[in-house]
Amino acid sequence: MAKAIGVRHATPRRWACSLAALSLLCLAAQAVQKADLGGDSTVATINHSLSLLQRLQELMHNGNASDTTLRVRTTGSDEIKVFHTHQLMLSLQSEIFESLLHNQTMLTLHESPDSAALFEKFIRYLYCGEISILLHQAIPLHRLASKYRVSSLQRGVAEYMKSHLASESNQGHVVSWYHYAVRIGDEALQESCLQFLAWNLSAVMNTAEWASVSVELLLLLLERSDLVLQSELELYTAVEEWVATHQPESPVVEKMLRSVRYPMISPSHLFHLQKQSSVMVKHYNAVQDLLFQAFQFHSASPIHFAKYFDVNCSMFLPRNYLSTSWGSQWVINNPARDDRSTSFQTQLGPSNHDSSKRVTWNVLFSPRWLPVSLRPVYSDSVSGAIQSIRIEDGRPRLVITPATTSSDFAGVSFQKTILVGVKQQGKVFVKHAYSFHQSTDEVADFLMHADLQKRTSEYLIDNSLHLHIIIKPVYHSLIKVKK
């Protein structure tokens, strides 16, 4: 059954001007206008572009003076949509249409159901350069833009996807967007999706979207140290659930299990996993060496352990754990007002040997700190000018320092990570993260582009700055003992 769109019993006729002729006319008109205006001070611009866009939309909707017919057949269906269009408008936006319509007045196009459903919206964009998008429409619209090489729409939809990763949807969308980006080879969109998933993995693992994660994506995530999780045990539980759902082959399961950082899981939980985890029981031989090493790590001091084993590997590097043992939330109300400070304690390290040892951290936040280069210089001479400094010249600053030093710090340094939460559609997501090491007390680019004066700033939630500070102990080999 064919559905006609853009028809008003108009007799189709060809447009007289070609693309080349239209381009020459536009260039000539611009040159004449520029010459006519010259340097006249009475110059004014009369802009009726909006009414022109409206007329173009009416042209597409009514099919007046159409010279091209598009028949869009939905794959796997008898449905056919008919569009009476204009070759010039299609060719201006798409080189594919320009090629297909050479000496042609009718085309039959085959589209998937989701693309066919949006084809009218796609054609309307070719006429007026404007389109509205919903989350579930992003992939089919980008697919249409790519197929017909409408580069402006390709870029626009890709930017929409990157800026709406945190938007809420019933089934989730970031995982499907990542898989689509892999298929089309869009590395920028891949990285944006991966980063969002890494920073919000704890939330993703508790949704239906987790089941749609591919083997390749899961293995990529397991390699990362910037995953934001409640604990490593939470990650193991989610992997076990994924394996039970998908039932992959043994080599895949074993590779996943060997990517879990068992030294970050307490001995009591490790004992439980050995007996109660069906996946662990089935594939115990594949991870037995890692479990044995984890128990050794928990039973000795880090300094003693580092003499015999290489601790400069990912297995002994914590991820970004949200539990109170590794950091603290800090909500700063009206952050543009004045300086604030807080303090909290973390566990010295993940080893059970250090479970009773704590480190106290002092944190200072300043919304308008000025670098030395921008501070005013005072002079005794009359001619010595004092530089006028505005409040806006300062930038946010966050300083994190240990309250004391201890011999327990030997062989360990601390990586500090600050997560900044944003709120979209009632949910809080991590959109920004900053990391720096013990050698510095602050991060150089912290909130560099944030305008904390604006209540509508994307960095603020109800005029408050939501931070989560995480302290990650990093072990270093000290003395190698000959074996």
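Student: Is glutamine 247 buried or exposed?
Tutor: Glutamine 247 counts as exposed, because its relative accessibility is 58% and the cut-off for exposed is over 50%. Keep in mind that this is a predicted model.

Student: Where is glutamine 247 placed?
Tutor: Glutamine 247 is in the loop between α13 (232-246) and α14 (250-257). Its phi is near 50°, a positive value in a residue other than glycine.

Student: Which residue has a positive phi of about 50° although it is not a glycine?
Tutor: Aspartate 462 has one, at about 50°. Aspartate 462 lies in the loop between β13 and β14, and at 65% relative accessibility it counts as exposed.

Student: And asparagine 463, buried or exposed?
Tutor: Asparagine 463 is buried, with a relative accessible area of 11%. Its place is in the loop between β13 (460-461) and β14 (464-475).

Student: What does asparagine 463 touch?
Tutor: Leaving out residues up to four places away in sequence, asparagine 463 touches Ile332, Asn333, Asn334, Pro335 and Arg455.

Student: Next one along, then. Where is serine 464?
Tutor: Serine 464 is in strand β14. Serine 464 counts as buried, because its relative accessibility is 7% and buried means under 20%.

Student: With which side chain does the side chain of serine 464 make a polar contact?
Tutor: With the side chain of asparagine 333, at 2.7 Å. Not counting residues up to four places away in sequence, serine 464 touches Val331, Ile332, Asn333, Asn334, Pro335 and Tyr459.

Student: Change of topic. How many helices and strands are there in the chain?
Tutor: The protein chain has 18 helices and 14 strands. Of its 483 residues, 44% are buried.

Student: What about the surface, how much of it belongs to carbon and sulfur atoms?
Tutor: The accessible surface comes to about 25700 Å², and 52% of that belongs to carbon and sulfur atoms.

Student: And the contacts with a separation of 6 or more: what share comes from residues 24 or more positions apart?
Tutor: Such residues account for 70% of those contacts in the protein chain.

Student: Which residues touch the most other members of the largest nonpolar core?
Tutor: Phe97, Phe119, Phe122 and Tyr262 do, in a core of 118 residues. There is also a second, separate core of 5 residues, including Trp199, Val228, Leu419 and Ile470.

Student: Why would nonpolar side chains end up together?
Tutor: In soluble globular proteins, nonpolar side chains tend to be buried together.

Student: Back to phenylalanine 97. What is it in contact with?
Tutor: Setting aside neighbours within four places in sequence, phenylalanine 97 is in contact with Leu70, Leu90, Ser91, Leu107, Leu109, Phe119, Phe122, Leu126 and Tyr148.

Student: In which sense do β2 and β4 pair, parallel or antiparallel?
Tutor: Strand β2 (residues 68-74) and β4 pair in the parallel sense, over 6 bridges. Leucine 70 stands opposite leucine 107 in β4.

Student: Now the cysteines. How many disulfides does a search find?
Tutor: A search of the whole structure finds 0 disulfides. Cysteine 193 is buried, with a relative accessible area of 0%, whereas cysteine 313 is partly exposed at 31%.

Student: Where is leucine 194 found?
Tutor: Leucine 194 is in helix α10 (residues 187-199), and it is buried, with a relative accessible area of 9%. Not counting residues up to four places away in sequence, leucine 194 touches Tyr178, Leu217, Leu220, Leu221 and Arg224.

Student: How far apart are leucine 194 and leucine 220?
Tutor: They are 26 residues apart in sequence and 8.7 Å apart in space, C-alpha to C-alpha.

Student: Last one: where is serine 323?
Tutor: Serine 323 is in the loop between β6 (320-321) and β7 (327-333). At 25% relative accessibility, serine 323 counts as partly exposed.

Terms used
Residues are numbered from 1 along each chain as its sequence is written. This is a predicted model: local features need pLDDT of at least 70, side-chain atom pairs count only at pLDDT 80 or more; totals for chains, interfaces and linings use all residues. Side-chain values use heavy atoms; hydrogens and water are left out. Two strands pair if DSSP finds at least two bridges between them. Helices (H or I, at least four residues) and strands (E, at least two) are DSSP runs, numbered from the N terminus. A nonpolar core is a set of buried Ala, Val, Leu, Ile, Met, Phe, Trp, Tyr and Cys residues joined through side-chain atoms within 4.5 Å. Buried means under 20% relative accessible area, exposed over 50%, partly exposed in between (1.4 Å probe, protein chains only). Contact means heavy atoms within 4.5 Å. A disulfide is a pair of cysteine sulfur atoms within 2.5 Å. Accessible areas come from the Shrake-Rupley method with a 1.4 Å probe; for residues, only the protein chains shown count as cover. A polar contact is a pair of N or O atoms within 3.5 Å; within protein, one must be able to donate a hydrogen and the other to accept it, and residues adjacent in sequence count only if both atoms are side-chain atoms.
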